[in-house]
Amino acid sequence: KIMAAYSGHKMNPDKFEKGQIKIYLLVLPMVLLCGLPIVFIIFHAFKPMEELFAFPPKFITTHPTLDNFSKLIKASRTGSNPLSKYVFNSILVTVAVVAGSLLFSTMAAYALSKMKFKGARTMMNINQIALMFVSCAVMIPRYLVVNKLHMIDTYWAEILPLIALPVGLFLIKQFVDQVPDSLIEAAYMDGASEWTIYRKVVIPLTKPAIATAAILVFQQVWANLETSNYYINNDSLKNLAFYMNTLTSASTSNTVAGQGMAAAASLIMFLPNLILFCILQNNVMNTMAHSGIK
């Protein structure tokens, strides 16, 4: 009966069909709702001064300009450290945190899902409890730990506190749970070690979840202000997000022209997130589809 019902309707047609109109009508409002803020951020960064303060506000830039970016670069040259130093710090910390977080999350997910040992359920429950705590709730204990380990004013203070991502471990473990145990046992019978199984079986089958976790970690680290604000006193070790926030805050509080710099800085901090999502979007969609089917 099911086959008969769909005999005259193709589930994924190659060309436009009239039956797709109702789908477009449902999806289009959601696309506009999610996409318009992104478009506004992009146009807002290129607005000249008269359009930044126009009333009513303009959504589309009529006369785009690069003055906001040139002012931001000139303001950065007045600081004690060049802008490139803060960019380097952010890239170094972000790459280290993303790589470390994905490594530990995938390894822990494999161990908690496929290895039988005492305390595995308790460890997973602790990870679930950690999902309920926001960063400000653990700010003081985290600072005490960082200070006790003598990591103040080091790159480690910006890397280690952010490596643990409970939602990433939870997400990846759900995928590892779906890897057939028979596949793992077959690899054991072929003489594969735990490391080989992890690299050649678990990682390839959990790529959608890993890609989604990578986006979550990147978003958490790239725009993070907490580590540079509380753990770093040396300006040469602070990240780009903290520097941009400090630069634009000082400018906007003193001059009206600083609003353009703030708009340019917002776009600079937002673009890497958008680019990373565009690169990994197929894997993210696969993750959502997997969760929905499950």
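I looked up Arg142 and found a relative accessibility of 24%, which counts as partly exposed (buried is under 20% relative accessible area, exposed over 50%, partly exposed in between, with a 1.4 Å probe and protein chains only). The model is predicted: local features need pLDDT of at least 70 and side-chain atom pairs pLDDT 80 or more, while totals for chains, interfaces and linings use all residues. Residues are numbered from 1 along each chain as its sequence is written, and side-chain values use heavy atoms, without hydrogens and water.

I then noted the partner of Arg142: a salt bridge joins Arg142 to Glu226, with the closest N and O atoms 3.4 Å apart (a side-chain nitrogen of Lys or Arg within 4 Å of a carboxyl oxygen of Asp or Glu). This pair links distant parts of the chain, Arg142 in helix α7 (residues 139–148) and Glu226 in helix α13 (residues 226–230), 84 residues apart (helices are DSSP runs of H or I, at least four residues, numbered from the N terminus). Glu226 is buried, at 11%.

I counted 3 salt bridges in the structure. In another of them, Lys114 meets Asp181 at 2.8 Å, N to O; Lys114 lies in helix α5 and Asp181 in helix α10 (residues 181–189), 67 residues apart. Lys114 is buried at 18%, whereas Asp181 is partly exposed at 47%.

I also recorded Lys173 with Asp177, whose closest N and O atoms are 3.1 Å apart. The two are 4 residues apart in helix α9 (residues 166–177), so about one helical turn separates them. Lys173 counts as buried at 13%, and Asp177 as partly exposed at 29%.
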